[in-house]
Structures are given as structure tokens and as C-alpha cells.
Amino acid sequence: MTSQKTLLPVDYYRLPFCQPEGGPKMDHENLGEFLAGDRIESSPYRLNMKVDMYCEQLCISNLGRGEQKGVSPNKMVRAIRKNYHNNWIVDNIPAASKVEDDSTVTTRYWQGFPVGFIATDTKKAYVHNHVNIEIQYHAVETEPNKARIVRFTVEPFSIKHDFEASADDDDDAAEGTNKPFKVADIQNPIESCNPKASNKEHTRYEMVYARGREPQPASGRVLFTYDVIWTENKELHWASRWDVYLSMDNAIPAKVHWLSIANSLVIVIVLSAMIAAILVRNLRRDFSRYNRLATDEEKAEDLEEFGWKLVHADVFRPPSFSPLLLAVCCGTGAQLLCMAVLTIIFSAMGFLSPANRGALIMAQLLLYVLMGSVAGYVTARLYKTFKGKSWQKATAAVAFGFPGMAFLLFIIMNIVALSQGSSDAVPPTTMIVLLVLWFGISLPLVFFGAYFGYKQDAIEFPVNTSSIPRQIPDQPWFMGIPFTLLVGGILPFGACFVELYFILASVWMDQYYYVFAFLFLVFAILLITCAEITVLFCYFQLCGENYHWWWRSFTTAGSTGLYVFLYSFVYFKQLEANQLATYVLYFGYMGLASLALFLMTGFVGVTTCLVFNKTIFGSIKID
């Protein structure tokens with residue numbers, strides 16, 4: 001069961017629902033499902049292929065005390081007030097939820113169906129104790145006697161059954177307990193539950209809300225019933241059964257994503273035009289000025305040179321603040337960037353479908369672990385270029401830095417989930433698997449990559465660095481770190497925030513996101529925008545004779561991650577959260593995701609500026 005109010009999934013049988021005979025049995029799950037908090041268990045509902053059922057009785061369950069002022073509500077009432085939804089599965093298809101009123105019927109293909117509802121007039125909680133299980137099937141073309149399930153819909157109802165338990169029922173069942181498969185005699189049956197009715201009918205909205213009928217309060221002894229409705233769908237093939245879920249029944253049209261990409265492309269084109277107008281024109285003028293031979297008159301006047309050529313002896317000086325930290329941040333950013341790009345490509349090619357539960361998280365985790373060699377190589381190569389001596393410290397920092405922070409946060413979140421009784425809490429065996437992946441695969445690969453990185457020559461620069469650093473003149477306010485952080489992140493964020501909204505909806509609101517081709521385009525536009533804005537600021541900085549560009553280029557591009565974290569505060573308002581655990585869970589994971597994006601885009605900024613500076617300083621003559 002999931003809730004947008006708490007963000008903490010809980011076990012279905014934590015509430016006093018009917019249990020299967022012999023107790024629920026857990027399905028075998030992969031690592032991704034455990035990490036996502038999915039727990040698939042057996043149910044007491046009996047379905048027979050192509051056999052309709054009419055008001056089948058499931059069991060009688062005691063939901064606990066009634067709602068009263070000053071009295072703590074029972075588990076069911078608390079779950080309903082927290083807006084928990086049931087997530088059922090038949091043949092690996094999640095349940096769509098059908099909601100009906102006097103004039104409309106709405107079917108929603110995400111988030112499951114609600115446990116109950118709060119009445120608008122009495123403000124009391126009522127439980128959905130009857131469901132219409134509607135299943136569509138498609139006959140197998142090669143074998144006419146066989147059929148496959150292609151659609152699964154649940155329409156929940158709340159029906160107050162006045163009943164007398166059968167002789168074998170235990171009238172003194174304790175609160176929160178139930179005995180499965182009880183049969184009761186219903187005193188006030190609706191048409192579908194009336195055994196004496198001549199024509200069998202399935203439960204309909206008109207029957208449930210007929211005059212004199214009342215919903216079932218979420219307290220006391222409750223009879224759970226269900227209908228099963230089988231219908232043949234000749235149009236929908238088994239291979240296409242997930243399409244309506246992945247598109248969410250076209251709830252978000254493709255036009256929205258195209259508009260998002262158009263918006264992003266406008267930003268890229270404007271930025272590219274600025275770079276063409278400012279950089280290309282100015283650089284051409286600079287090259288011609290710096291490379292032409294000075295005339296006798298100019299030598300006599302001893303005209304002082306100005307511009308970025310003056311810093312040629314300092315531009316490739318190692319960063320003044322912690323070269324080791326910059327190398328580690330760039331190595332981690334490269335590792336995350338490779339993981340993100342490969343995950344998006346595999347998803348866009350259709351390898352990581354939501355039909356394969358947990359596959360996306362597994363792919364991200366394994367790709368991140370395998371890209372450890374990239375992190376080690378990039379860190380080692382950069383650190384050697386910076387003339388660093390503590391190579392063991394640098395390699396250990398990249399191997400334990402970001403993974404250590406992520407694992408520490410994961411343990412804190414696990415403790416929070418355990419304290420709330422959530423199924424998000426990961427069992428110790430899964431923790432051991434994660435540690436094996438980290439220490440058994442990622443760590444050796446980082447050191448393996450670092451070994452080859454240190455074996456390589458340092459990055460060669462086109463100009464020599466002087467032994468005495470040049471004094472930097474006073475800089476204008478708009479070239480300070482606050483301004484570059486503010487402007488450097490807003491354009492890349494503006495290029496991707498529409499897709500970011502849909503990604504957050506899939507993570508926190510249990511919606512499906514499967515437009516990875518759009519995501520690939522937007523991600524490419526994001527990286528291009530980061531690269532362009534960083535190069536622009538780097539040029540302005542060098543023209544101001546400020547050669548401290550290493551960290552500035554990293555933070556300018558990386559500030560996109562800061563904007564994403566700030567946007568997460570705006571998005572949080574949609575979740576209606578009202579407890580501390582939810583705040584910790586949401587902002588903890590959003591902070592980690594924003595840090596990962598900061599490192600990724602920062603690495604892109606440093607790499608782009610390095611190539612840019614090598615190119616322009618290699619194109620001029622130095623006396």
C-alpha cells in the first residue's frame with residue numbers, strides 16, 4: 001500500500017484485511033524490488049479463468065473500535081485518513097482503478113485504488129469492503145482453448161452489509177484479527193448479493209447507492225465481498241497490454257514533451273547564438289591582435305597588452321583550493337554521468353520496462369558499480385595533472401566519498417522506515433548485497449582505473465606555467481561567485497524542468513514514466529547548455545585576467561543541481577505531507593539526487609573549459 005501523504009509504503013496485511021488460508025506467502029523478489037519497497041504477497045481472492053462470480057464472500061474481519069472524540073482511531077481509519085492505496089497485481093499487471101459517480105466513470109491506470117474514503121458531510125472514514133474485479137482476456141491465436149489476461153481493473157465500493165455470521169464464525173474475534181473464508185447470511189442484500197434473485201447481476205453503482213443504502217464505516221465487524229467479471233477483448237493483444245499503463249491512458253499527451261523540448265531548444269539556440277556572436281567574433285579579433293607582428297611604432301610606444309593572453313603563464317596553474325577534492329568531484333561526476341547516459345540509452349531501447357519490476361533500479365546500481373573504473377581513471381589523471389602526491393588518498397576518497405554518503409543516507413532512511421513500520425525498510429541480507437557490490441566490485445574497479453590513470457602522462461598544456469603566480473586585478477560584481485552560480489544554473493534548469501516534473505511524479509506519486517527517448521533529448525540539451533554557459537563565463541573571467549577557472553567552471557555548471565534542490569521545495573507542496581518522517585525521506589533523497597546532478601554537470605563544465613582553454617591558448621604565439 002502506498003500513500004502520497006506519507007511516501008512510506010506499508011505491508012498490505014498490516015491492516016486487518018482478509019488473509020489467505022495458511023497465511024500470506026511472499027513472492028521471490030529481486031534487489032530492485034526490495035530497494036523500491038515493493039513486497040508482493042499472495043491474496044485470499046479466488047479467481048477462475050473465465051468464470052464470473054457474484055458477490056462472493058471473502059471473510060469477516062474485525063476492524064477495531066469506532067471513531068470517537070478523544071479516542072485513538074483504529075489502524076484502518078488511520079490508513080484511510082493518510083490516503084493509502086491498495087496496489088494489486090494479476091498476472092504481473094497492476095490494477096487500474098475505476099471511480100464512478102452519478103454522471104461519469106473514470107479509470108486511472110496508476111496509484112492503485114483507495115483503501116476507503118472520508119465522507120464530505122460527516123468527516124468519518126468508510127472502508128471499501130466490496131470490489132468489482134474486472135478482467136479482460138485475449139484468446140491465444142495458435143491455441144483456441146487458451147487465453148491471456150490483458151487488462152485488470154478494480155472498482156471499489158463501500159457497502160454496509162447487515163449480516164449474521166455462520167455457525168463456525170468466532171464472534172469474539174479480537175481487534176485486528178480475522179478468520180478467512182467465513183460465510184455469513186446477509187439480512188439486507190443488494191440485488192447482486194441476493195441468493196434468491198432469479199437473474200444473477202453484477203454489483204453496480206445504482207445498487208450500492210440506492211435509497212436506504214449506507215456505506216460501511218471503517219470499524220467493527222465487516223463482511224468483505226467481491227465480484228469477478230470476465231470479458232473478452234479481441235482488439236488488445238497480450239504484447240500491448242502494458243501500453244495503456246506506460247502512457248497512463250494518454251493522461252500526459254506527447255505534445256507536452258515536444259513543447260518541453262522546443263522550449264529547451266530555444267534556450268540552446270539563444271545560447272549558441274550568444275557564443276557565436278560574442279566568443280567567435282571576439283576570439284577571431286583576439287587571435288589576429290595577438291598573433292600579428294608589432295610595428296616599430298607600437299614597439300616604441302610599448303603598448304601594454306590586455307585581455308586573456310596576459311594570463312597565459314597562469315591559466316593552467318593547479319587550483320588554489322584543494323586540487324584533490326576537485327579531482328575526486330570530477331571523477332565521481334564522470335562515473336555518475338556514464339551511469340546516467342547508459343541507463344537512459346538502455347531504457348530508451350526498451351530493455352528496462354516497468355513490466356520488469358525493479359529493473360531500472362538494478363540497472364542504475366550495477367552500471368554505477370561498473371563505472372567505478374571511470375571514476376578512478378579520471379581522478380588519477382586529473383590529480384597527476386595537478387602535480388598531486390597523495391595518490392592513495394585521492395583514490396580512497398573517490399572510492400568511499402559519494403558511495404559512503406549515499407550508503408549513510410540509506411541507513412538513516414532505513415531507520416526512519418523501520419520506525420514507521422514501512423515496507424521501504426530493507427532487510428539485512430539486502431544491505432549485505434549492497435556492501436558486496438560496493439567493496440567486492442566497485443572498490444577494486446576504482447583502484448584498477450586509478451592505476452591506469454596514474455600510469456598515463458599528465459595532461460599536456462600548450463603553454464608553460466610560471467613559478468610565480470600573477471596578481472589578479474579587482475573583479476566586477478557580476479563576475480563574482482554568487483552571480484555566476486545564479487545565472488549559470490538557471491538556463492540549464494529552464495531547459496529541463498518540465499521533464500523533471502514528470503520524473504518527480506513517477507518517483508513520489510507512483511506514476512509511470514516511460515518516455516526515455518524524450519528524456520535522452522532533454523538530457524543531451526541539458527549537458528550542451530551547461531557546457532555553453534560555462535565556456536561563456538570562463539571567457540569573460542579570463543578577459544578579466546582571473547585565471548582561477550577550475551573551481552569556477554565546476555560550480556557554474558553544477559549550480560543546476562542547486563536549482564533542482566530548490567525546485568524540490570516547490571514540488572513538495574503537492575504531496576500533502578504532514579509528518580516528520582516524510583520530510584526526512586523526501587528531502588534526504590532529493591538532496592542526494594541534487595548532489596549527484598551537481599557533480600555530473602560540474603564535471604561537464606570542467607571538461608568543456610579545459611578543452612576550450614587548451615584550444616585558444618594553443619592558437620596564439622607566446623613570446
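Biologist: How many disulfides does a search of the whole structure find?

Modeller: In general, a disulfide is a covalent bond between the sulfur atoms of two cysteines. Here the search finds two, taking a disulfide as a pair of cysteine sulfur atoms within 2.5 Å. Keep in mind that this is a predicted model, where local features need pLDDT of at least 70, side-chain atom pairs count only at pLDDT 80 or more, and totals for chains, interfaces and linings use all residues. Residues are numbered from 1 along each chain as its sequence is written, and side-chain values use heavy atoms, with hydrogens and water left out.

Biologist: Which cysteine does Cys55 join?

Modeller: Cys55 is joined to Cys193, with 1.8 Å from S to S. The link is right-handed, at 80° about the S-S bond. Cys55 lies in strand S1 and Cys193 in the loop between strand S14 (184-186) and helix H3 (205-208), so the pair ties together parts 138 residues apart in sequence. Helices (H or I, at least four residues) and strands (E, at least two) are DSSP runs, numbered from the N terminus.

Biologist: And what is the handedness of the link of Cys18 and Cys59?

Modeller: That link is left-handed, with -85° about the S-S bond. The sulfur atoms of Cys18 and Cys59 are 1.9 Å apart.

Biologist: Are Cys18 and Cys59 buried or exposed?

Modeller: Both Cys18 and Cys59 are buried, where buried means under 20% relative accessible area, exposed over 50%, and partly exposed in between (1.4 Å probe, protein chains only).
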